[in-house]
Amino acid sequence: MENMTANDVPEPYEERQIQYWDASSRTVLLRDVEVPFPEGKLIVSRTDMDGKITHCNQSFVDMSGFSEDKLIGEPHYILRHPDMPAAAFKDLWDTMSRKEKWHGYVKNLRKDGAYYWVYATVIPNIRNNEIVGYTSVRRKPSRNKVNECISLYAKMKKEEQA
Amino acid sequence: MPYTMTVSPDFPPTQIAGWYIFNTWLQKKLDISIHLELYNNFDEQRNAIEENKIDLIFANPFDASMLVREKGFSALVKPDSKSDEVIIAVSAESKVMEIEDLQAGIKIAKTDDPDVNMIGMIILEPADLDVQNTISEVVDTYAIVAKQLIQGNSDVGFFLKDAYENFSDLIAKNLRVLVSSQIDVISHAFMAGPKVQEHTQALQEALIDMANDPNEQKILESLGFTGWTIQDHEDTEFMIDLMETLVN
């Protein structure tokens, strides 16, 4: 996946390196700007077994800042914000492998370096008893829950880095 | 023995005649006998489905999983460019200006429409509201939901957008929209049960063709849409997956 560049991210920003589960990494440029979740909308996407995006709706495109053409085929972790603890995503994948539904509050990274919080639900798409992909729906989160997660995730990140 | 068709009970009263005309057209088109049975509420309709009394249904997406998984139905078509959307409204005089102003203990006026109520509760989540800390006032029609708000008996109301937009100016001016959903991906579907399988291809073709005939287009208009789009097996599975992500 391509590194984020100053062409897409207005200053001031903080540069960080993010490491993904498949050992790949990229440079991300972070801005301390939160974009509010749009009222009355849902962000919907589907991925294949490898977590690559196969479908996304207009709200996904609008909130991510990427074009649909750019998103299709990219790993879903294109939205990964480095403030998210790895343990949250491990829990997601462990839940998927048990063919169960996962819920969680997630801080997502936009193409322009800003971020947005969502309440995400992910389910495995099961056909003939086999997982063939995943559907994820993100909705507007409670601010109180987000505030709880900000401190919880910071603590979890600190423990992961220790 | 005629087949039995039914319609999700959340359609506006102005469309009742349209569904009878649609049924007459469908019988002539396929040369089969179909009885249209309309139910007053979702419970009555679900009991009929449970007792295998239904062969054709214009179904609420909330019931799609049960119809496919438990009753062997398959979706044939869905309305063209028409999704199920929800309006959350308050009395025009309410002090509530946004969802986050709503507090635990509020009274919610709603009908028994399952997908509207599900989406409505999702929209209230940012205010930390759920079925545990709110009081539901379930009434028979959206007109009564509006009346509950206007008379100050409830704090907030859930409406199917179509129903809200059909209100008279007199009702509408006494209400205020807090949120109008733009979900786009949830819609009703026309589904056929196991006993009708021999007719499903002819049925699907006839429905898709309706948009090409000016007279048949008028029937569609009386149902509130402009045409049908094919809903294949994977589209239906996706709808079921989607509903599964939304049900807590």
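Reader: What share of the contacts in chain A with a separation of 6 or more comes from residues 24 or more positions apart, and what makes two residues count as a contact?

Author: In this predicted model, two residues are in contact if their C-beta atoms lie within 7 Å. Take the contacts in chain A with a separation of 6 or more: 49% of them join residues 24 or more positions apart.

Reader: How many helices and strands does chain A have, and in which pattern do they follow each other?

Author: Chain A has four helices and seven strands. Reading along the sequence gives β-β-β-β-α-α-α-β-β-β-α. The radius of gyration is 15 Å, and the globule rule gives 15 Å for 162 residues, so chain A is as compact as a globular protein of that length. Along its principal axes, the C-alpha trace of chain A spans about 50 × 35 × 35 Å.

Reader: What makes a residue "buried", and what percentage of chain A is buried?

Author: The test is a count: a residue is buried if 20 or more other C-beta atoms lie within 10 Å of its own. In chain A, 31% of the 162 residues are buried.

Reader: Now for chain B. How do you know whether its radius of gyration agrees with that of a compact globule?

Author: We set one value against the other. A compact globule with 248 residues would have a radius of gyration near 18 Å, and chain B has 19 Å, so the two agree. The C-alpha trace of chain B spans about 55 × 35 × 30 Å along its principal axes. Chain B contains ten helices and eleven strands, and 36% of its 248 residues are buried. Among its contacts with a separation of 6 or more, 82% are between residues 24 or more positions apart.

Reader: Why are E2 and E11 of chain B said to stand at the edges of their sheet?

Author: First, the sheet: it is open, it is made of six strands in the order E2-E1-E3-E10-E4-E11 of chain B, and its pairing is mixed. Strand E2 (34-36) and strand E11 (228-230) of chain B each have a single partner strand, so one side of each is left without a neighbour in the sheet. Neighbouring strands here are turned by 25 degrees against each other on average, direction ignored.

Reader: How do you know that E4 and E11 of chain B count as a pair?

Author: At least two bridges are needed for strands to pair. Strand E4 (residues 74-79) of chain B and E11(B) share three bridges, in the antiparallel sense, so they pass the test. Pro79(B) stands opposite Trp228(B) in E11(B). Helix H8 (residues 200-209) of chain B lies across E4, E10 and E11 of chain B, at about 5 degrees to E4(B).

Reader: What makes up the open sheet of five strands in chain B, and in which order do they stand?

Author: The order is E7-E6-E8-E5-E9 of chain B, with mixed pairing. Strand E7 (135-138) and strand E9 (175-180) of chain B are the edge strands, each pairing on one side only. From one strand to the next, the twist averages 30 degrees.

Reader: How do you know that E6 and E7 of chain B pair?

Author: Strand E6 (residues 107-110) of chain B runs parallel to E7(B), and four bridges join them, so they count as paired. Ile108(B) stands opposite Ser136(B) in E7(B). Helix H5 (residues 142-150) of chain B packs on this sheet, and its direction makes about 160 degrees with that of E8(B).

Reader: Where do the chains meet: how many residues does each bring to the contact?

Author: Chain A brings 20 residues and chain B brings 18 residues. On the chain A side, strand E6 (115-127), strand E7 (130-139) and helix H4 (143-161) each supply at least two residues. E6(A) gives the most, with five residues. By class, that side of chain A has six nonpolar, seven polar and seven charged residues.

Terms used. Residues numbered from 1 in each chain as written. Chains lettered and ligands numbered in written order. Predicted model: local features only at pLDDT ≥ 70, side-chain atom pairs only at ≥ 80, totals over all residues. Rg over C-alpha atoms; globule rule 2.2 N^0.38 Å. Buried ≥ 20, exposed ≤ 12 C-beta atoms within 10 Å, placed from the backbone. Axes fitted to C-alpha atoms, helices over the stretch in contact; angles between N-to-C directions. Nonpolar A, V, L, I, M, F, W, Y, C, P; charged D, E, K, R; others polar.
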